[in-house]
Amino acid sequence: MKVAVICEFSGTVREAFTRLGHEAVSFDLLESELPGVHYQGDVKELPLSFWSQFDLAVCHPPCTHLAISGARWFKDKQQEQKEALEFVQWLMDLPIEKIAIENPVSIISSRIRKADQYIQPWQFGHGETKKTGLWLKNLPMLQPTEIVEGRLDRIHKMPPGENRWKERSRTYPGIAKAMAEQWS
């Protein structure tokens, strides 16, 4: 398969698909942390026809203006939310047969459509909580691969800092592996 992993700087999901022999490309405004095929730039600047070469897109739109964890600031973020939701809709409308949008619990569910599934890292080998929604197009729901004990709330309790947003946005390797194995 040819897989586009949109809004991923870590390379985690891209490499999970690559390890299984797929041609995977990550796209982000930031450079990739892992070596591999990566496009650095604004994905909306690429023509829509470009996207039709892909069989699957796994998209991680920035949650800054979408996640309900920031609800107390929503009244001051109307324009930013509007633009974030327009970007999510743009991703959902890409001319790609199979699409997954991944985001924490967010206003995507109330403003565009409900998530098809919510997953937790502890269902995929990581003893932590981070309720994450999946909006799926022509894809099955992810089946847990390794339910583990422990329910640490590390992401939520992460202290403020310059790279907090980056650390909170990473996809857990067990979830990336499940995506690659179950969606290809």
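Q: How do E6 and E7 run, parallel or antiparallel?
A: Strand E6 (117–119) and strand E7 (132–137) run antiparallel and are joined by three bridges. Helices (H or I, at least four residues) and strands (E, at least two) are DSSP runs, numbered from the N terminus, and two strands pair if DSSP finds at least two bridges between them.

Q: Which residue in E7 is the bridge partner of isoleucine 119?
A: The partner of isoleucine 119 is threonine 132.

Q: And what am I looking at, in terms of the model and the numbering?
A: The model is predicted, with local features needing pLDDT of at least 70 and side-chain atom pairs counting only at pLDDT 80 or more, while totals for chains, interfaces and linings use all residues. Residues are numbered from 1 along each chain as its sequence is written, and side-chain values use heavy atoms, with hydrogens and water left out.

Q: Okay, what is the strand order in the sheet?
A: The sheet is open and has seven strands in the order E3-E2-E1-E4-E5-E7-E6, with mixed pairing. Its edge strands are strand E3 (38–40) and E6, each of which pairs on one side only. From one strand to the next, the twist averages 20 degrees; axes are lines fitted to C-alpha atoms, for helices over the stretch in contact, and angles run from 0 to 180 degrees between N-to-C directions.

Q: Which strands does E1 pair with?
A: E1 pairs in the parallel sense with strand E2 (residues 23–28), over five bridges, and four bridges join E1 to strand E4 (residues 56–59), again running parallel. Alanine 4 stands opposite valine 25 in E2 and opposite alanine 57 in E4.

Q: Why is E1 largely enclosed?
A: Five of the five residues of strand E1 (residues 2–6) are buried, so the rest of the structure largely encloses this strand. Buried means under 20% relative accessible area, exposed over 50%, and partly exposed in between (1.4 Å probe, protein chains only). Both faces of E1 are covered, with Lys2, Ala4 and Ile6 on one side and Val3 and Val5 on the other.

Q: Where does helix H1 lie?
A: H1 lies across E1, E2, E3 and E4, and runs at about 175 degrees to E2. Together, E1, helix H1 (residues 12–19) and E2 make a right-handed β-α-β unit; right-handed here means that, with the strands pointing away from the viewer, the path from the first strand over the helix to the second runs clockwise.

Q: Switching topic, how many residues are in the largest nonpolar core?
A: That core has 27 residues, and those with the most contacts inside it are Ile6, Phe27, Trp51, Leu91, Leu94 and Ile101. A nonpolar core is a set of buried Ala, Val, Leu, Ile, Met, Phe, Trp, Tyr and Cys residues joined through side-chain atoms within 4.5 Å. E1, E2, E4, helix H3 (78–92) and strand E5 (98–104) each supply at least two residues of this core, and H3 gives the largest share, seven residues. Apart from this core lies another of 22 residues, among them Ala24, Leu134, Ala176 and Ala180.

Q: What does tryptophan 51 touch?
A: Leaving out residues up to four places away in sequence, tryptophan 51 touches Ala4, Ile6, Phe27, Val43, Leu46, Trp90, Leu94, Pro95 and Ile96, where contact means heavy atoms within 4.5 Å. At 0% relative accessibility, tryptophan 51 counts as buried.

Q: What about its ring and that of tryptophan 90?
A: Their centres are 6.2 Å apart and their planes are at 90 degrees, so the pair is edge-to-face. Rings of Phe, Tyr and Trp (its six-membered ring) pair if their centres lie within 6.5 Å, and planes under 30 degrees apart count as stacked, over 60 as edge-to-face and the rest as tilted. The pair links distant parts of the chain, with tryptophan 51 in helix H2 (residues 48–51) and tryptophan 90 in helix H3, 39 residues apart.

Q: Which residues make up the ring cluster?
A: Ring pairs link Phe27, Tyr39, Phe50, Trp51, Phe54, Phe87 and Trp90 into a cluster. Of these, phenylalanine 50 is partly exposed, with a relative accessible area of 26%, whereas tryptophan 90 counts as buried at 17%.
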